[in-house]
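Hi everyone, thanks for making time for this. I'd like to walk you through one structure, so please have a look at it on the screen while I talk.

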Amino acid sequence: VQLVESGGGLVHAGGSLRLSCAPSRSIFFINMGWHRQAPGKQRELVARITSGGSTMYADSVKGRFTISRDGANNTFYLQMNNLKPEDTAVYYCNVLTWSAGAIWGQGTQVTVSS
């Protein structure tokens with residue numbers, strides 16, 4: 001199973017982006033998360049959604065980011081609003097599956113200019 005990410009780009013502060021993560025085939029997952037890694041920093045968890053639909057967010061993005069899943073399209077999303085320069089990072093999706101363990105996407109760059 002591969003995860004294909006899309007939706008990154010360059011935006012001004014206050015702008016919005018929506019990231020997508022699509023598995024190459026339908027999977028049974030335990031949870032799915034969006035992580036990010038800024039230059040010189042460790043990778044951090046931004047948001048997570050469980051198979052039951054429960055969500056959690058890092059304090060730094062609460063109220064601005066929304067994680068969701070479209071079961072029909074087997075796709076996960078991260079809606080990012082009111083973006084800040086400190087949100088600049090490579091964003092990775094990660095899916096924890098019953099059959100294949102943890103799977104990572106290739107990453108997509110998000111750059112927020114001030």
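Before we start, one term: when I say that two residues touch, or are in contact, I mean that they have heavy atoms within 4.5 Å. And please keep in mind that this is a predicted model.

With that in hand, let's go to the core. Which residues does Leu78 touch, leaving out residues up to four places away in sequence? The list is Leu17, Arg18, Leu19, Trp34, Val46, Ala47, Phe65, Thr66, Ile67 and Tyr91. Leu78 is also one of the residues with the most contacts inside the largest nonpolar core, along with Met32, Trp34, Phe65, Ile67, Met80 and Tyr91. That core has 29 residues. Seven strands each supply at least two residues of this core: S3, S4 (29-37), S5 (44-50), S7, S8 (75-80), S9 (89-97) and S11 (108-113). The largest share comes from S9, with 4 residues.

You will find Met32 in strand S4. Is Met32 buried or exposed? Its relative accessibility is 0%, so Met32 counts as buried. Again leaving out residues up to four places away in sequence, Met32 touches Cys21, Ala47, Arg48, Ile49, Ile67, Phe76, Cys93, Asn94 and Val95.

S4 pairs with S9 in the antiparallel sense, over 8 bridges. Within that pairing, the bridge partner of Met32 is Val95 in S9. S4 is also joined to S5, by 6 bridges, and again the two run antiparallel. Here Trp34 stands opposite Ala47 in S5. S4 and S5 form a hairpin with 6 residues between them, and Gly40 in the turn has a positive phi of about 75°.

While we are talking about positive phi, have a look at Asn82. Its phi is near 50°, and this is a residue other than glycine. Asn82 is found in the loop between S8 and S9. With a relative accessible area of 43%, Asn82 is partly exposed.

Next, the sheet on the other side of my notes. This is an open sheet of 4 strands in the order S1-S3-S8-S7, with antiparallel pairing. Strand S1 (3-6) and strand S7 (65-70) are the edge strands, each pairing on one side only. On average, neighbouring strands of this sheet are turned by 15° against each other, direction ignored. As for S1, 4 bridges join this strand to S3 (residues 17-23), and the two run antiparallel.

Now for the aromatic pairs. How many aromatic pairs does the structure hold? There are 2. Phe29 and Phe76 form an edge-to-face pair, 5.1 Å centre to centre and with 85° between the planes. This pair links distant parts of the chain, with Phe29 in strand S4 and Phe76 in strand S8, 47 residues apart. Both Phe29 and Phe76 are buried.

And why does the pair of Tyr92 and Trp104 count as edge-to-face? The ring centres are 6.4 Å apart and the planes are at 85°, and planes over 60 degrees apart count as edge-to-face. Tyr92 lies in strand S9 and Trp104 in strand S10 (residues 101-104), so this pair ties together parts that are 12 residues apart in sequence. As for accessibility, Tyr92 counts as buried at 15%, while Trp104 is partly exposed, with a relative accessible area of 38%.

Let me finish with Arg43, which brings us back to those two rings. The charged end of Arg43 sits over the ring of Tyr92, 3.7 Å from its centre. The charged end of Arg43 also sits over the ring of Trp104, 4.7 Å from its centre. That's my tour, and I'm happy to go back to any of these spots with you.

Definitions and conventions
Residues numbered from 1 in each chain as written. Predicted model: local features only at pLDDT ≥ 70, side-chain atom pairs only at ≥ 80, totals over all residues. Heavy atoms only, no water. Pairing = 2+ DSSP bridges. Axes fitted to C-alpha atoms, helices over the stretch in contact; angles between N-to-C directions. Core = buried A, V, L, I, M, F, W, Y, C linked by side-chain atoms within 4.5 Å. Buried < 20%, exposed > 50% of the residue type's maximum accessible area, 1.4 Å probe, protein only. Phe/Tyr/Trp six-rings, centres within 6.5 Å; stacked < 30°, edge-to-face > 60°. Lys NZ or Arg CZ within 6 Å of the ring centre and 35° of its normal.
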